[in-house]
Amino acid sequence: MRVAVIGASGYTGAEALRLIVGHPYLEVGPLVGRQHAGKPISEVLPHLTGLVDDIVQPLDIRAIKAEADLVVSALPHGASAEIVASLRDEGLPVFDLSADFRLEDRDVYRTWYGDHGAPQWFGRSVYGLVELYRERLREADLVAVPGCYPTASILALAPLISEKVVDPKGIVVDAKSGVSGAGRGASEATHFPHAAEGIKAYKVAGQHRHTPEIEQELSKLAGTPLALTFTPHLAPMTRGILATAYAMATAPRPADSQNECILAAQRFYASSPSVVVLDPGQNPDTRAVRGSNRAHLAYHFDPRTGRVIAQAAIDNLIKGAAGQAIQCINVRFGWDEADGLSGPAVWP
């Protein structure tokens with residue numbers, strides 16, 4: 001099947017292309033980009049030289065429909081909605097990497113992102129976290145691929161909330177991300193001398209746009225509205241996310257609460273080829289998942305405070321974006337979930 005990639009020259013678009021090249025059932029279709037239209041993609045992304053040398057095209061919905069079977073859209077939030085709607089109007093399955101179709105409440109979307117660009121398609125997507133929505137994704141033609149921070153945070157907490165191991169009230173998520181999460185465009189915050197030898201929080205106290213996305217999905221698992229504290233940090237590395245969540249264990253908890261958490265996660269992710277639950281005493285490391293679609297989870301219990309510490313490490317550009325889209329495509333078209341995604345992390 002031929003895949004059109006819109007926003008092909010950005011970080012997530014580039015990773016989608018790399019994964020498509022190595023996929024047994026996918027082929028590179030039209031490559032769409034505004035800034036680099038008319039150039040070979042290998043001129044913009046030299047690591048694809050000799051593998052993908054197609055010319056980047058300006059957006060043409062009819063041309064995409066004629067030349068592609070499905071679309072991965074890697075456009076920024078707000079820029080995606082109208083284009084995705086036009087593609088869906090033409091009957092093309094779309095796997096959207098923006099936030100434009102992730103939220104289910106239009107008022108919540110308006111609060112965080114403003115007016116929606118395609119209200120006729122709002123609420124008609126399936127949230128693309130395979131580990132939660134595998135069955136729904138089998139028939140989905142509009143998939144809202146989750147954000148990178150929500151992916152790590154939800155994966156860490158979902159088993160605990162689902163099995164009522166922790167109290168859904170008072171959860172805190174502390175997360176660190178590599179600078180590639182800010183996209184390819186340069187800014188003062190991501191300029192190397194500014195980011196290379198320091199670490200800082202940003203958009204603190206409920207200001208980050210991924211907050212309602214995390215709350216939406218965890219609230220469903222809890223069966224009640226859930227509010228949490230989410231604090232993101234910019235870490236001096238290119239890629240990777242480490243999310244550490246703190247939640248009160250439901251009382252009373254036995255001394256082996258750590259094992260209970262680990263067993264809950266192992267049950268919850270038993271059918272996922274992407275999620276690895278680490279053994280007791282281990283902690284996830286972003287280096288161990290770099291370049292892969294893996295998520296490494298770990299659980300600890302602090303008997304002094306009664307808190308569970310849940311951790312998740314992912315590559316923000318793979319499991320947190322492009323790899324997750326490919327995983328959704330595999331499920332949607334009935335292929336093995338790990339097709340094109342089974343490679344190990346890059347080491348060292």
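## Exposure, core packing and helix pairs

Gly-123 is exposed, its relative accessible area being 52%, a value over the 50% cut-off. The model described here is predicted. Gly-123 sits in the loop that runs between helix 5 (106-113) and strand 5 (126-127). Its C-alpha is 8.1 Å from that of Arg-106, and the two residues are 17 apart in sequence.

Gln-324, in helix 11 (residues 318-332), is buried, with a relative accessible area of 0%. The side chain of Gln-324 forms a polar contact of 2.9 Å with the side chain of Lys-319. Leaving out residues up to four places away in sequence, Gln-324 touches Gly-128, Leu-129, Glu-131, Val-145, Pro-146, Thr-151, Asn-293, Ile-318 and Lys-319.

Glu-131 and Lys-319 also take part in the meeting of helix 6 with helix 11. On the helix 6 side, the residues involved are Val-130, Glu-131, Arg-134 and Leu-137. They meet Lys-319, Gln-324, Gln-327, Cys-328, Val-331 and Arg-332 of helix 11.

A second pair is formed by helix 7 and helix 9. From helix 7, Tyr-149, Pro-150, Ser-153, Ile-154, Leu-157, Ala-158, Ile-161 and Ser-162 meet Glu-213, Ile-214, Glu-217, Leu-218, Leu-221 and Ala-222 of helix 9. The geometry of both pairs is tabulated below.

| Helix pair | Axes come within | Crossing angle | Handedness |
|---|---|---|---|
| Helix 6 (residues 130-137) and helix 11 | 10 Å | roughly 30 degrees | right-handed |
| Helix 7 and helix 9 (residues 211-222) | 10 Å | roughly 15 degrees | right-handed |

Angles under 35 degrees count as roughly parallel. The axes of helix 6 and helix 11 cross at roughly 30 degrees, so helix 6 is roughly parallel to helix 11. Helix 7 and helix 9 are therefore roughly parallel to each other as well.

The largest nonpolar core has 81 residues, of which Leu-17, Ile-41, Leu-137 and Tyr-299 touch the most other members. Helix 7 (residues 148-162) gives the most to this core, contributing 10 residues. A separate core lies apart from it, with 20 residues, among them Ala-4, Leu-75, Leu-142 and Ala-144.

Which residues is Tyr-299 in contact with, leaving aside its neighbours within four places in sequence? Tyr-299 contacts Leu-155, Ala-156, Pro-159, Leu-160, Gln-258, Cys-261, Ile-262, Ala-265, Val-277, Ile-309 and Ala-310.

How values were computed
Residues numbered from 1 in each chain as written. Predicted model: local features only at pLDDT ≥ 70, side-chain atom pairs only at ≥ 80, totals over all residues. Heavy atoms only, no water. Core = buried A, V, L, I, M, F, W, Y, C linked by side-chain atoms within 4.5 Å. Buried < 20%, exposed > 50% of the residue type's maximum accessible area, 1.4 Å probe, protein only. Helix = DSSP H or I, 4+ residues; strand = E, 2+ residues; numbered from the N terminus. Contact = heavy atoms within 4.5 Å. Polar contact = N/O pair within 3.5 Å; in protein donor to acceptor, adjacent residues only side chain to side chain. Axes fitted to C-alpha atoms, helices over the stretch in contact; angles between N-to-C directions. Parallel < 35°, antiparallel > 145°, perpendicular 65-115°, else oblique. Left-handed = near helix turned anticlockwise from the far one by under 90°.
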